[in-house]
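Subject: Handover of a structure and its side-chain contacts

Dear colleague,

Please find below the structure that I am handing over to you. My findings on its side-chain contacts follow directly after it.

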Amino acid sequence: MAFKIYNTMSRTKEELVPVDGKHVRMYTCGPTVYNYAHIGNFRAYMFEDLLRRYIKFCGFEVTQVQNLTDVDDKTIRSSIEQGLPLKEYTKTYIDAFFEDLARLNIEPAEHYPAATDYIPEMISIIEKLFEKGYAYQSDDGSVYYSIDKFESYGKLAHLDREGMQAGARVAQDEYDKDNAADFALWKAYVPEDGDVVWDSPWGKGRPGWHIECSAMSMKLLGESFDIHTGGVDNIFPHHEDEIAQSEAATGKTYSKYWMHCGYLVVDGRKMSKSLGNFYTLREILDMGYTGREVRYELLSSHYRQSLNFAFKSLDANRAALKRLDEFYANIKEAVGSETQAGELPDWAARTRADFAAAMDDDMNISGAMAAVFDAVHAGNKAMSEAPLSGAEALAVSNLWKELDSVLGLLIPQEEAIPAEVEELLEARTKARAEKDWAESDRIRDRLAELGWTVKDTPEGPKLRKL
């Protein structure tokens, strides 16, 4: 079965067929680095990570670009309020963003361009738009895009063009659909911008938000590429404006496929600071949850559905992950010293087929996870009736790793064993050798208090994180 994805442009599921053979070029809208990213942002980044991973699972090569919006209305305003140069201010949140990606086991993209490094490319596109009659300069010196000149404006968001006033202008980066109008390509300098300013053929100023993504994506992926992603809130105006300016400048289709994920709500309500339910990843981790548990939650619903983030779900995720870990630990133990994988047992072979069938259907994560837990149930049942051979267990272990290459949560990341735990394990081994069972039990209980369990095997004691 071919991998089919839902294309927002056509409103249908389409087979993923890259423009360039087996190479998928993908652009994902990244963070505006004026603050720490919140869990709503990471819902989008997690969807894009799942997409990237499954594209590779299907045998394609991926080049992904995720931008860093380090100059816009918010970053300028916040940096001035803090009394810091723009680059210094945004660096704090760029560094934090990469730390958060690592905590969630999100694979790094091939490129992370910062908008401030691509000003010449933005100016070049605006010059082309002037040449072709799509751009004009207003009385205040700013440059705007004339949406009336682009006949298919609104095709992604399926806007009703009636009522849009030619010549009406919107200077801010974000606006409501009802305000659809000519948007800023280049903003003339105003004192409120402080020292954030560049020279251009139209005078001093700075780029509009939308032109930034067009410049970075086309510079790194080409004038036409395969997939453009983001949250549903990006469809309009951001992605609509990207299409208009990019296709007007090049005369080519900007992106072949458009994919968007649904909103995230917290306990059934829209996330907002006024409601007290606005959370960054760091705040959630400080509550005692792990990045792996949060990853599980962010992947738990189909990407196009709204995701209700609930802390009781995080607690349930902990139990589900423990079940997965116990299964994998049993498989690893059954492998023993075997180095040659055998045939997959029937129940495991079905798992891969069911997993792929679900993911091929626009990344049906519920079906994919059902296949995983069906494998745990079937595998545990089979192993209770007859042990797996080492060769079979190694084949299942390899399958588990293959599925984990997509999900990124089936196999726990290796944790460093604290020195105190190592010392306790050594003391317990000595106590058992001396048949001091009381001391051995006392140490076992102490290990449990520290979050570790120990299992005695023919190869020696094995520690496992609880």
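Arg52, Lys56, Glu107 and Glu110 are linked in a network of salt bridges, a salt bridge being a side-chain nitrogen of Lys or Arg within 4 Å of a carboxyl oxygen of Asp or Glu. The model is a predicted one, in which local features need pLDDT of at least 70 and side-chain atom pairs count only at pLDDT 80 or more, while totals for chains, interfaces and linings use all residues. Residues are numbered from 1 along each chain as its sequence is written, and side-chain values use heavy atoms, with hydrogens and water left out.

The structure holds 32 salt bridges. In one of them, the side chains of Glu402 and Arg352 meet at 2.6 Å, N to O. This pair links distant parts of the chain, with Glu402 in helix H12 (residues 390-407) and Arg352 in helix H10, 50 residues apart; helices (H or I, at least four residues) and strands (E, at least two) are DSSP runs, numbered from the N terminus. Glu402 counts as partly exposed at 29% relative accessibility, and Arg352 likewise counts as partly exposed at 30%. Here buried means under 20% relative accessible area, exposed over 50%, and partly exposed in between (1.4 Å probe, protein chains only).

Another salt bridge joins Lys87 and Asp70, whose closest N and O atoms are 3.7 Å apart. Lys87 belongs to helix H3 (residues 86-103), whereas Asp70 is in the loop between strand E4 (61-66) and helix H2 (73-82). Lys87 is partly exposed at 46% relative accessibility, but Asp70 is buried, with a relative accessible area of 2%.

I turn next to the aromatic rings. Rings of Phe, Tyr and Trp (its six-membered ring) pair if their centres lie within 6.5 Å; planes under 30 degrees apart count as stacked, over 60 as edge-to-face and the rest as tilted. By this rule the count comes to 23 aromatic pairs. Phe47 and Tyr303 form a stacked pair, at 4.6 Å centre to centre with 10° between the planes. Phe47 lies in helix H1 (residues 39-57) and Tyr303 in the loop between helix H8 (291-299) and strand E14 (307-309), so this pair ties together parts that are 256 residues apart in sequence. Phe47 is buried, with a relative accessible area of 3%, and Tyr303 is buried at 4%. Phe327 and Trp347 form an edge-to-face pair, at 6.2 Å centre to centre and 75° between the planes; both residues are buried.

Yours sincerely
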